[in-house]
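Morning, everyone. Please look at the chain on the screen while I talk.

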Amino acid sequence: MIKLRAELKCYLCGRTAGELETAGGQEGTRRTFRPAPGMESLVGIEVRKARCLGCGGGLYVEEIERVYFLSERPLKPEKRGRKPRRRPAA
Ligand SMILES: [Zn+2]
């Protein structure tokens, strides 16, 4: 499963309005908006219409980051040490 994460930032003051998370699936995409502290009232507003609560500037999406969710399998390096052979006692 792949998730895309992006930050929503203000053009004018550079304030972070929140985080946008998109879970990519074949049947449409689901978006989750996590507002930054103090930006809670942006929840539910379309990103294109949302404005910075500090200065009223437009918001843009910055730095989309792919987050891969791997199945929970801890990747342990295989130990490939040779076992010391025991010499048969003479
Ligand atoms: Zn701003």
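I will go from the whole chain down to single residues.

First, the ground rules. This is a predicted model, where local features need pLDDT of at least 70, side-chain atom pairs count only at pLDDT 80 or more, and totals for chains, interfaces and linings use all residues. Residues are numbered from 1 along each chain as its sequence is written.

Now, confidence. pLDDT is the predictor's confidence in each residue, from 0 to 100. The chain has a mean pLDDT of 82, and 81% of its residues reach 70 or more. Confidence is highest in strand 1, at 88, and lowest in strand 4, at a mean of 82.

Next, the elements. Helices (H or I, at least four residues) and strands (E, at least two) are DSSP runs, numbered from the N terminus. How many helices and strands does the chain have? Zero helices and four strands. Read from the N terminus, the order is β-β-β-β.

How do strands pair? Two of them pair if DSSP finds at least two bridges between them. Strand 1 covers residues 2-10, and eight bridges join it to strand 4. The two run antiparallel. For Ile2, the bridge partner in strand 4 is Tyr68.

Now burial. We place C-beta atoms from the backbone and count the others within 10 Å: 20 or more is buried, 12 or fewer is exposed, and in between is partly exposed. Of the 90 residues in the chain, 11% are buried.

What about the core? A nonpolar core is a set of buried Ala, Val, Leu, Ile, Met, Phe, Trp, Tyr and Cys residues joined through C-beta atoms within 7 Å. The largest one here has eight residues: Leu8, Cys10, Ala17, Met39, Leu42, Ala50, Cys52 and Leu59. In soluble globular proteins, nonpolar side chains tend to be buried together.

On to contacts. Two residues are in contact if their C-beta atoms, placed from the backbone, lie within 7 Å. Take the contacts in the chain with a separation of 6 or more: 47% of them join residues 24 or more positions apart. Leaving aside neighbours within four places in sequence, Leu42 contacts Ala17, Gly18, Pro35, Ala50 and Leu53.

Let's stay with Gly18. It sits in strand 2. Is Gly18 buried or exposed? Gly18 is buried, because 23 C-beta neighbours lie inside 10 Å. Beyond four places in sequence, its contacts include Leu8, Phe33, Met39 and Leu42. Arg34 is also among the contacts of Gly18.

So where is Arg34? In strand 3, residues 29-35. Arg34 and Gly18 are 16 residues apart in sequence, and their C-alpha atoms are 5.4 Å apart. Arg34 is partly exposed, because 13 other C-beta atoms lie within 10 Å. Not counting residues up to four places away, Arg34 touches Gly18, Glu19 and Glu21. Thr32 is in strand 3 too. Thr32 counts as exposed, because it has 12 C-beta neighbours inside 10 Å.

Last stop, Cys13. Cys13 is in the loop between strand 1 and strand 2. It is exposed, because 11 other C-beta atoms lie within 10 Å. Which residues does Cys13 touch, not counting those up to four places away in sequence? Cys52, Gly54, Cys55 and Gly57. Gly57 is 44 residues from Cys13 along the chain, yet their C-alpha atoms are separated by 7.6 Å.
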